[in-house]
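These are my notes from going through one model. I began with the fold as a whole and then looked up single residues.

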Amino acid sequence: MRLVIDTNILISALLLGASLPGNLITLWQEGKFDLLTSAEQVAELMRVTRYEKIRARLQPALAGRFINQFRDLTIMVSAHPAVTICADPDDNYLLSIAAAGGADFLLTGDKRDLLGLKLHEGVKIITVREFLTLHGKRL
């Protein structure tokens, strides 16, 4: 199974290890699914972990280790088409990665823009809670 995980979920997992996003990342680290990404998302993750409000709650060394693991263990999707269907143009690249990488799911907490789409080129767009419930994880 292949997933794309929105950066906001990755940041939540880093900040709150004992959370649904944290549980999701543990499943990925255990090899329960493949995670797709792009250089653009890695750059976004690096940028966001440097925000002052994030740095106040997250040790830079922990963020750095996670980013290195993320870069090393994900499947990098380098050739992905331009997508322009999302109301937030900054989220279109996630849809593009998901479609080009053959993802089964795009996981996000973005109710306003991404979750409203529900489906993009065969990729189901759902929350972490929905994904964990679908896959028999007790919440």
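**Entry 1, fold.** I counted the elements of the protein chain and got 7 helices and 6 strands. The model is a predicted one, and I read it as such. I then wrote down the order along the sequence, which is β-α-α-β-α-α-α-β-α-β-β-β-α. Next I looked up the radius of gyration of the protein chain: it is 14 Å, close to the 14 Å from the globule rule for 139 residues, so the chain is as compact as a globular protein of that length. For the box along the principal axes, I noted that the C-alpha atoms fill roughly 40 × 35 × 30 Å.

I looked up how much of the protein chain is buried and found 45% of the 139 residues. I took the contacts with a separation of 6 or more and asked what share joins residues 24 or more positions apart; the share is 62%. The accessible surface of the protein chain came out at about 7,500 Å². Carbon and sulfur atoms hold 51% of that surface.

I listed 16 positive and 15 negative charges in the protein chain. Their mean positions lie 8 Å apart.

I searched the whole structure for aromatic pairs and found 5. One of them joins Phe 33 and Phe 131, with 5.9 Å centre to centre and 85 degrees between the planes, which makes the pair edge-to-face. I checked where the two residues sit. Phe 33 is in the loop between helix H2 (20-29) and strand S2 (34-37), while Phe 131 is in helix H7 (residues 128-134). The two are 98 residues apart, and I noted the pair as a link between distant parts of the chain. Are Phe 33 and Phe 131 buried or exposed? I found both of them buried. I also noted a cluster in which ring pairs link Trp 28, Phe 66 and Phe 70.

I located Asp 90 in the loop between strand S3 (75-76) and helix H6 (92-100). Why do I list Asp 90 as exposed? Its relative accessible area is 56%, and I call a residue exposed when that value is over 50%. Last, I took the C-alpha to C-alpha distance from Asp 90 to Tyr 51, which is 17 Å. In sequence, Asp 90 and Tyr 51 are 39 residues apart.

Conventions:
Residues are numbered from 1 along each chain as its sequence is written. This is a predicted model: local features need pLDDT of at least 70, side-chain atom pairs count only at pLDDT 80 or more; totals for chains, interfaces and linings use all residues. Side-chain values use heavy atoms; hydrogens and water are left out. Helices (H or I, at least four residues) and strands (E, at least two) are DSSP runs, numbered from the N terminus. The radius of gyration is taken over C-alpha atoms; the globule rule is 2.2 Å times the number of residues to the power 0.38. Buried means under 20% relative accessible area, exposed over 50%, partly exposed in between (1.4 Å probe, protein chains only). Contact means heavy atoms within 4.5 Å. Accessible areas come from the Shrake-Rupley method with a 1.4 Å probe; for residues, only the protein chains shown count as cover. Lys and Arg count as positive and Asp and Glu as negative; His and the chain ends are not counted. The place of a charge is taken as NZ of Lys, CZ of Arg, CG of Asp or CD of Glu. Rings of Phe, Tyr and Trp (its six-membered ring) pair if their centres lie within 6.5 Å; planes under 30 degrees apart count as stacked, over 60 as edge-to-face and the rest as tilted.
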